[in-house]
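Work through the exercises below with the sequence and the model open. Each task is followed by a solution in steps.

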Amino acid sequence: MTDLHELTAVEQAAAVRSGAVSPVELTEHYLSRIERLDATVGAYTTVMAEQALAAAARAEREAAAARRDGTALPPLHGVTVAVKDLVQVEDVRWTLGSKVHTDQVADADDHVVTRLREAGTVLIGKTNTPEFALPCYTENEIGPPTRNPWDLDRSPGGSSGGSAAAVAAGLAALAHGTDAGGSIRIPASACGLVGLKPSRGRISNGPLDHDITGLSVHGPLARTVADAAALLDAMAGVMPGDAYTAPALPPGETFLDQAGRDPGTLRIAALPGPMVPGAVLHPDCAEAYRRATALLEAAGHTVTEIEMPPDPDLVDTFQLVWSVAAAGRQVEEEEEPLLTPFTRHLRERGRTTGGLDLAGGLAAFRGVGQLFADLFFSAYDAVLTPTLAQPPALTGAFCTGDPAADYAAMSNFMPYTPLYNITGLPAVSLPLHWNAEGLPIGVMLGTRYGDEATLIALAAQLEAAAGPSDRRPGLW
């Protein structure tokens with residue numbers, strides 16, 4: 001019999017609905033794997049075994065009643081989901097990856113967690129993140145670094161690296177992440193997963209962290225496009241207090257439906273050049289991009305390669321706004337020395353940034369969004385780029401002790417992803433290529449604001465064109 005973790009999340013949910021598999025059985029399977037393997041991977045900060053088993057038992061009672069009464073269940077009912085330790089889960093440790101919050105316990109659920117509970121999913125644990133989710137790796141001072149399941153000497157990326165490692169290692173069926181500069185798509189690329197950054201306002205950031213910059217969103221990490229779409233359905237929706245609201249799908253439609261839809265013939269702009277001055281595209285990432293281009297053209301789409309010159313001003317503006325967001329984290333003065341050097345570096349710059357500078361930076365962001373709407377999405381339906389400029393990095397590669405140099409190195413590593421946070425547009429990283437070392441290399445697609453339907457349909461078509469992969473990390 002196929003091991004339960006070999007099944008996709010959509011397949012697991014179907015087995016729960018039919019009665020072939022119990023949510024308790026699924027949860028126990030993943031908890032057993034976590035117990036055996038997570039000391040090696042380091043995906044979790046807190047394993048919610050007791051709460052997860054109680055939720056699974058409740059899900060099984062609901063599934064039995066639905067079978068008896070002939071009623072429908074939510075599409076992911078009874079499926080395990082890992083939650084990034086940047087968000088609140090009531091009565092569970094909430095570290096934000098920081099020694100300042102090592103023993104903090106949340107007293108309420110964030111809205112995205114409420115949605116996951118309402119969808120009948122089983123929250124199995126909190127996943128590791130760097131301090132305040134600021135850098136693009138998953139190393140902090142509250143525990144060992146998270147390891148990339150494909151190569152334990154390498155980083156899974158970040159800041160949703162714990163979530164990505166959990167799914168890639170078969171320690172959860174699905175995972176929640178957040179993305180303010182690529183933090184879902186970076187680890188998706190590094191760990192061979194689908195990572196979807198939705199449109200700004202698609203998923204609620206409330207009730208505590210509405211993010212005035214507009215950069216950060218919640219989103220799914222999964223092994224397939226259909227799984228990611230189903231998790232997006234579970235998390236999406238307007239909640240009280242939301243300042244941004246992405247346009248809803250037509251009544252009766254779901255994002256999971258879009259994964260089975262023909263996207264039609266699309267016009268695609270391809271931007272291979274790194275968008276950060278001095279960044280160089282690694283041959284492995286260039287090869288992944290070329291393969292995606294060939295698959296798109298074979299599917300009948302028109303792909304037009306465009307040169308977009310790097311913009312040093314935009315790079316500086318992103319760092320300015322990012323440093324203000326870092327400085328905005330509430331930390332007592334006597335606790336500042338507990339923060340990592342990188343966090344302190346960003347906070348120091350953020351404290352010296354004036355209100356007019358911040359306003360100018362946010363205005364520049366909105367201008368870039370308008371430019372993309374007017375220039376690209378008046379002529380094209382989607383944009384293709386590499387996800388990253390380099391293959392997965394070695395653990396510690398961005399922790400040299402020189403925060404300014406580390407920030408520059410990270411910018412060169414991830415020159416493509418922040419554009420979609422700046423503009424608020426949706427984007428997805430797809431695992432279509434592995435290099436000669438057996439490391440996954442992602443490619444990225446983006447679409448118009450609010451058009452996750454096209455994005456998911458196109459991504460699913462590309463996934464199918466690439467063909468099923470039997471590649472698994474060694475510890476799978």
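The count comes to 15 salt bridges, a salt bridge being a side-chain nitrogen of Lys or Arg within 4 Å of a carboxyl oxygen of Asp or Glu. This is a predicted model, in which local features need pLDDT of at least 70 and side-chain atom pairs count only at pLDDT 80 or more, while totals for chains, interfaces and linings use all residues. Residues are numbered from 1 along each chain as its sequence is written, and side-chain values use heavy atoms, with hydrogens and water left out.

**Exercise 1.** Find the salt-bridge partner of Lys126 and state whether Lys126 is buried or exposed.

Step 1. The partner is Asp85, with the closest N and O atoms 2.8 Å apart.
Step 2. Lys126 sits in strand 3 (residues 122-127) and Asp85 in the loop between strand 2 (80-84) and helix 4 (111-118), so this pair links distant parts of the chain, 41 residues apart; helices (H or I, at least four residues) and strands (E, at least two) are DSSP runs numbered from the N terminus.
Step 3. Lys126 has 0% relative accessibility and is buried (under 20% relative accessible area; exposed is over 50%, partly exposed in between; 1.4 Å probe, protein chains only).
Step 4. Asp85, also at 0%, is buried.

**Exercise 2.** Locate Glu336 and Arg347, and classify their accessibility.

Step 1. Their side chains form a salt bridge at 2.6 Å, N to O.
Step 2. Glu336 lies in the loop between helix 10 and helix 11, and Arg347 in helix 11, so the pair ties together parts 11 residues apart in sequence.
Step 3. Glu336 is buried at 15% relative accessibility, and Arg347 is buried at 3%.
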